[in-house]
Each structure stands twice: as structure tokens, then as C-alpha cells.
Amino acid sequence: MILFLDFDGVLHPDEAYLVKGRPVLRAEGALFMWAPLLVDTLKNYPGVQIVLSTSWARELRFTRARSFLPPELQQRVIGATWHSHMAANDYGDFRTRNRNTWWDRATRYQQIRRYADRAQLVNWLAIDDAPEGWAEADHDRLIQTDPQQGLGDPAALARLQRLLESATRQTQPRRIERASPGP
């Protein structure tokens with residue numbers, strides 16, 4: 001099971017900004033204030049791996065973005081929807097700060113779907129506060145959070161729990177009952 005994870009509007013309110021290269025929250029609370037809720041929820045699902053689907057991976061690079069997560073989540077992170085090789089524009093020019101790339105123009109759903117298709121993922125979910133552009137066929141994979149409440153919203157956390165439980169049941173091997181021999 002892969003969990004695509006956004007940061008802003010999920011693990012803290014969607015009011016994080018870079019100030020002199022450092023993330024700062026301009027809302028009540030603290031950066032990653034709801035991350036412990038995700039840690040607690042995932043304790044019962046050791047097979048869940050995380051792919052960062054956040055602009056933090058682009059702005060701060062993958063390793064630095066991952067380092068802001070609690071250690072329990074860091075060890076689950078296996079990749080990101082953004083990779084520095086994506087910094088080439090439509091003409092093949094490579095610039096790290098280039099903002100004219102496919103990734104920058106794509107919706108979050110398109111970024112996630114591209115990763116899922118390339119990795120041939122079957123079992124995946126996404127937690128995000130941006131529902132724009134989600135295909136109807138994949139809408140049941142989205143745990144949509146309110147940008148100001150994130151995973152601090154009990155309804156979002158309950159939906160995540162339900163979807164993880166459902167996905168776990170579907171992937172567990174089924175025991176085959178053998179008929180007892182007749183008389």
C-alpha cells in the first residue's frame with residue numbers, strides 16, 4: 001500500500017511559506033502539528049509506504065523535505081512525485097528553478113496518477129487538501145482534508161482509517177476451506 005502525502009493543509013494548516021529558505025507557518029499552531037496523528041494511525045499498518053506529493057519536495061529537495069517528518073514517517077518514505085530531473089522545460093532546458101515544467105502545470109491528481117501509472121501501483125491512497133482535477137474513477141482513493149484542519153479533523157482521520165482497513169482486508173490472502181471428507 002502506497003500513501004501519497006501532501007504536507008500543507010494535511011499535516012499543518014495550509015499557510016506555510018518559505019522565509020529565507022526556511023519553512024514558517026503563518027497560522028495558529030506549528031508545522032507538522034498533526035503528523036503524530038498520522039504516526040498513530042499507521043502503527044497498525046506496517047506495510048504502508050509513503051510517497052511525498054508535496055511542493056516541499058520541489059522547493060526544498062526530497063531529502064530535506066523528508067527530514068521535517070517524524071522519524072516514524074521518514075522511514076516509510078520511498079519517493080516523491082517530484083524529482084529534480086523534472087526541472088527541464090518543454091524545450092529540454094534544465095534549470096532547477098524553472099517553473100515551466102509539466103509538473104508545475106499539472107494538478108496534484110495528475111502528478112500522483114503519473115507516479116502511480118509509472119510504478120504500476122494498484123493499491124494506493126492520497127491525503128490532500130486539493131481535490132481539483134481528480135478523476136471520478138479514483139475519487140474513492142482521496143482522503144480530502146480541509147486546508148485549515150488537515151488531519152486534525154476527526155472526519156478526515158476516520159476516512160483514512162476506513163480506507164486503510166478496507167485496503168488491508170482486500171490484500172490479505174484468503175484462507176481456503178477444504179470440504180470435510182464424506183462418510
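**View 1. The buried residues of helix 6 pack against strand 1 (2-5), helix 2 (55-60), helix 5 (102-105) and strand 6 (124-128).** The model is predicted, and for that reason local features need pLDDT of at least 70 and side-chain atom pairs count only at pLDDT 80 or more, while totals for chains, interfaces and linings use all residues. Residues are numbered from 1 along each chain as its sequence is written, and side-chain values use heavy atoms, with hydrogens and water left out. Helices (H or I, at least four residues) and strands (E, at least two) are DSSP runs numbered from the N terminus, and contact means heavy atoms within 4.5 Å. Helix 6 spans residues 108-118, and its buried residues are Arg108, Tyr109, Gln111, Ile112 and Ala116, where buried means under 20% relative accessible area, exposed over 50%, and partly exposed in between (1.4 Å probe, protein chains only). These residues lie on the same side of helix 6, because they cover an arc of only 160 degrees around the axis, the arc being that of the directions from the helix axis to the C-beta atoms.

**View 2. An open sheet of 5 strands, with parallel pairing, has the order 5-4-1-6-7.** Strand 5 (77-80) and strand 7 (142-144) are its edge strands, each pairing on one side only; two strands pair if DSSP finds at least two bridges between them. On average, neighbouring strands of this sheet are turned by 25 degrees against each other, direction ignored. Axes are lines fitted to C-alpha atoms, for helices over the stretch in contact, and angles run from 0 to 180 degrees between N-to-C directions. Strand 6 and strand 7, which run parallel, are joined by 3 bridges, and Asp128 stands opposite Gln144 in strand 7. Helix 6 packs on the sheet, where it touches strand 1, strand 4 (49-52), strand 5 and strand 6, and its direction makes about 155 degrees with that of strand 6.

**View 3. The largest nonpolar core has 35 residues, and Leu5, Phe7, Leu11, Leu38, Leu69, Ile127 and Leu151 are those with the most contacts inside it.** A nonpolar core is a set of buried Ala, Val, Leu, Ile, Met, Phe, Trp, Tyr and Cys residues joined through side-chain atoms within 4.5 Å. At least two residues of this core come from each of strand 1, helix 1 (35-42), strand 4, helix 2, strand 5, strand 6 and helix 7 (154-171), and helix 7 gives the most, with 5 residues. When its neighbours within four places in sequence are left aside, Leu11 is in contact with Leu5, Asp6, Phe32, Met33, Trp34, Ala35, Leu38, Leu69 and Leu151. A second, separate core of 11 residues includes Ile2, Tyr109, Trp124 and Leu142.

**View 4. Lys20 and Gln120 are shown in their loops.** Most residues other than glycine have a negative phi. Lys20, in the loop between strand 2 (16-19) and strand 3 (22-25), has a positive phi of about 55 degrees although it is not a glycine, and with 83% relative accessibility Lys20 counts as exposed. Gln120, in the loop between helix 6 and strand 6, likewise has a positive phi of about 55 degrees without being a glycine, and at 69% relative accessibility Gln120 counts as exposed.
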